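Have a look at the structure first, then work through the points below.

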Amino acid sequence: MVEYFNFENKERDIPYYNHNPRLTKHAWIVLLSSVLISFIFYALFEDVSEFFASFIFCAILLVPLMYYSDWDFSLIFHRPTKSEIKLALILFIGYLIYAIILGGVIEALLSITTTTSELTVNAESLISLVFSMMAEELIKFIPFVFIMRLVYKTTSNRKLSIITSTFIVLIFFGLLHYDFETSIISVLLLQGLGSLFELYGYIKTKNLFVPYLSHLLTDAVIFILILFGL
């Protein structure tokens with residue numbers, strides 16, 4: 001299939017962009033709105049219960065997406081195969097190496113910090129990653145397929161749609177981590193460009209569990225290190 005990249009699993013396709021299935025304009029508005037609404041509710045409940053806030057964060061994104069997909073979870077998820085679990089582990093290790101090396105280069109050459117505001121980590125925040133990491137993947141996934149739809153509608157070029165959407169989502173996700181204390185260069189390169197590892201995992205497998213597992217492992221390791229003061 002010419003429209004597929006060589007690294008992709010050609011037995012599956014990315015949903016929604018080519019009316020596979022078709023989403024109405026109303027559905028797209030609700031899905032895009034859910035991204036903003038999920039952040040608002042997370043902020044409202046974060047100080048009450050981080051676990052509940054993370055659950056709501058994820059549910060606000062996932063429930064509308066499944067509703068407009070007629071509850072067909074197979075459009076987005078399927079049980080990971082051994083090769084997909086292996087891929088998630090490789091992407092996890094790859095990102096850690098990328099972040100360590102690039103973080104050191106940024107700090108050495110630009111004399112700017114690559115760390116965000118200090119995190120307070122406890123057992124609840126560690127468990128909450130189960131939901132918050134899925135929410136973060138959905139925050140990338142929903143704009144990704146929406147932008148793909150816009151580009152594909154006007155160009156009928158699947159590869160161009162994927163490239164354009166990936167570029168925009170990487171910038172978008174990086175900027176979400178900007179807190180006015182960390183360098184914008186840092187978040188764009190580490191969290192933004194670094195998300196290419198997860199997006200690659202999804203585009204290759206069409207299984208959101210692959211980037212989710214990779215992302216979950218990354219943040220879990222970081223949280224555990226902070227929790228034990230390492």
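In H4, Glu136, Ile139, Lys140, Pro143, Phe144, Ile147, Met148, Val151, Tyr152 and Thr155 meet a set of H5 residues that includes Arg158, Leu160, Ser161, Ile162, Thr164, Ser165, Phe172 and Phe173. Sorted by type, the residues of this contact come out as 14 nonpolar, 5 polar and 3 charged. (Ala, Val, Leu, Ile, Met, Phe, Trp, Tyr, Cys and Pro count as nonpolar, Asp, Glu, Lys and Arg as charged, and the others, Gly among them, as polar.) Keep in mind that this is a predicted model, where local features need pLDDT of at least 70, side-chain atom pairs count only at pLDDT 80 or more, and totals for chains, interfaces and linings use all residues. Residues are numbered from 1 along each chain as its sequence is written, and side-chain values use heavy atoms, leaving out hydrogens and water.

**H4 against H5**

- The two helices, H4 and H5, pack at an angle of about 145 degrees, with axes 8 Å apart (axes are lines fitted to C-alpha atoms over the stretch in contact, and angles run from 0 to 180 degrees between N-to-C directions).
- Ser165 is part of helix H5 (helices are DSSP runs of H or I with at least four residues, numbered from the N terminus).
- Is Ser165 buried or exposed? Ser165 is buried, with a relative accessible area of 0% (buried means under 20%, exposed over 50% and partly exposed in between, using a 1.4 Å probe and protein chains only).
- Leaving aside residues up to four places away in sequence, Ser165 touches Pro143, Phe144, Ile147 and Met148 (contact means heavy atoms within 4.5 Å).

**Helix H7**

- H7 covers residues 196–205, and its buried residues are Glu198, Leu199, Gly201, Tyr202, Ile203 and Thr205.
- Those buried residues pack against H3 (82–110), H4 (123–155), H5 (158–176) and H8 (209–227).

**Rings and charges**

- There are 20 aromatic pairs in the structure (rings of Phe, Tyr and Trp, with its six-membered ring, pair if their centres lie within 6.5 Å; planes under 30 degrees apart are stacked, over 60 edge-to-face and the rest tilted).
- One of them is the edge-to-face pair of Tyr67 and Tyr68, 5.1 Å centre to centre with 75 degrees between the planes.
- Tyr67 is exposed, at 52% relative accessible area.
- Ring pairs also join Tyr16, Phe141, Phe144 and Tyr202 into a cluster.
- Lys140 has its charged end over the ring of Phe173, 4.6 Å from the centre (this takes NZ of Lys or CZ of Arg within 6 Å of the ring centre and within 35 degrees of the ring normal).
- Arg158 lies over the face of Tyr4, 4.0 Å from the ring centre.
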